Amino acid sequence: MNGFFYTLLVTSVCGAVCTMLSGVGFEKYIKYIASLVCICVMLSPLKEIDVSSFFDMETNFEIENTQESEGLYPLATEITEENAESYINEIVFSEFGIKPKATDIKIDWDSNEPIIENITVVFQKEDMHCKDSAEDYLKNVLGGEVKIIEG
């Protein structure tokens with residue numbers, strides 16, 4: 001707060017000096033100096049802003065990666081897994097005409113790229129005749145370990 005009062009005092013003194021000298025013939029120079037003083041006074045609060053944080057991209061990137069690896073985005077991973085499960089249901093139905101009762105997918109999010117670790121699909125008893133071909137098809141299309149169980 002002391003800086004504000006000091007700035008206000010300097011501005012007042014400069015304004016008084018400018019007013020006294022304005023009728024002498026130095027008007028153009030006084031206006032220029034008064035404008036410079038006003039600009040300096042207006043910009044003086046900005047000197048306290050730390051601009052280096054805007055340009056420290058490497059640190060910001062490390063923070064984002066740390067947050068992802070600590071699992072701070074569980075909603076995004078859940079939505080992705082749900083979408084993957086519905087996709088698996090769709091491709092099984094389009095390829096074999098079987099609508100699975102349930103699907104579960106496990107994805108490894110800790111590596112650089114998400115990796116499908118395990119896929120479990122639940123078929124009804126009457127659809128189990130396609131179990132082997134559906135497992136082979138899902139392994140070829142998606143990868144990972146595929147299990148089809150009766151439920």
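The legends below describe close-up views of a predicted model.

Local features are given where pLDDT is at least 70, side-chain atom pairs count only at pLDDT 80 or more, and totals for chains, interfaces and linings use all residues. Residues are numbered from 1 along each chain as its sequence is written, and side-chain values use heavy atoms, with hydrogens and water left out.

**View 1. The protein chain and its order of elements.**
The secondary structure of the protein chain comes to five helices and three strands, where helices (H or I, at least four residues) and strands (E, at least two) are DSSP runs numbered from the N terminus. Read from the N terminus, the elements follow the order α-α-α-α-β-β-α-β. Of the 151 residues in the protein chain, 17% are buried; here buried means under 20% relative accessible area, exposed means over 50%, and partly exposed lies in between, with a 1.4 Å probe and protein chains only. Among contacts (heavy atoms within 4.5 Å) between residues at least 6 apart in sequence, 48% join residues at least 24 apart.

**View 2. The open sheet of three strands.**
The strands of this open sheet have the order β1-β2-β3, and their pairing is mixed; two strands are taken to pair if DSSP finds at least two bridges between them. Because β1 and β3 stand at the edges with a single partner strand each, one side of each is left without a neighbour in the sheet. From one strand to the next, the twist averages 10 degrees, with axes fitted as lines to C-alpha atoms, for helices over the stretch in contact, and angles running from 0 to 180 degrees between N-to-C directions. Strands of a sheet pair through backbone hydrogen bonds, either parallel or antiparallel.

**View 3. The hairpin of β1 and β2.**
Strand β1 (residues 102-108) and strand β2 (residues 115-123) run antiparallel and are joined by seven bridges, and the two form a hairpin with six residues between them. Within this pairing, A102 stands opposite V122 in β2, while I105 has I119 as its bridge partner in β2. In a regular strand the side chains alternate between the two faces of the sheet. The covered face of β1 carries T103, I105 and I107, whereas A102, D104, K106 and D108 belong to its uncovered face.

Six bridges hold β2 and strand β3 (residues 145-150) in the parallel sense, and the bridge partners in β3 include E145 for N118 and V146 for I119. Helix α5 packs on the sheet, where it touches β2 and β3, and its direction makes about 150 degrees with that of β3. The chain crosses from β2 through helix α5 (residues 131-142) to β3, and this β-α-β crossover is right-handed, a term used if, with the strands pointing away from the viewer, the path from the first strand over the helix to the second runs clockwise.

**View 4. The surroundings of T103.**
T103 lies in strand β1 and counts as buried because its relative accessibility is 12%. The side chains of T103 and N89 are joined by a polar contact of 2.3 Å, that is, a pair of N or O atoms within 3.5 Å, of which, within protein, one must be able to donate a hydrogen and the other to accept it, residues adjacent in sequence counting only if both atoms are side-chain atoms. When neighbours within four places in sequence are left aside, T103 is in contact with E85, I88, N89, T120 and V121.

**View 5. The two salt bridges.**
Two salt bridges are present in the structure, each defined as a side-chain nitrogen of Lys or Arg within 4 Å of a carboxyl oxygen of Asp or Glu. Side chains of opposite charge can pair when their charged atoms come close. D104 forms a salt bridge with K106, with the closest N and O atoms 3.2 Å apart; D104 is partly exposed at 31% relative accessibility, and K106 is partly exposed at 42%. K147 forms a salt bridge with E145, with the closest N and O atoms 3.7 Å apart; K147 is partly exposed at 39% relative accessibility, and E145 is partly exposed at 41%.

**View 6. The loop residue E126.**
E126 has its place in the loop between β2 and α5 and counts as exposed because its relative accessible area is 52%. Although E126 and E150 are 24 residues apart in sequence, their C-alpha atoms lie 9.2 Å apart in space.
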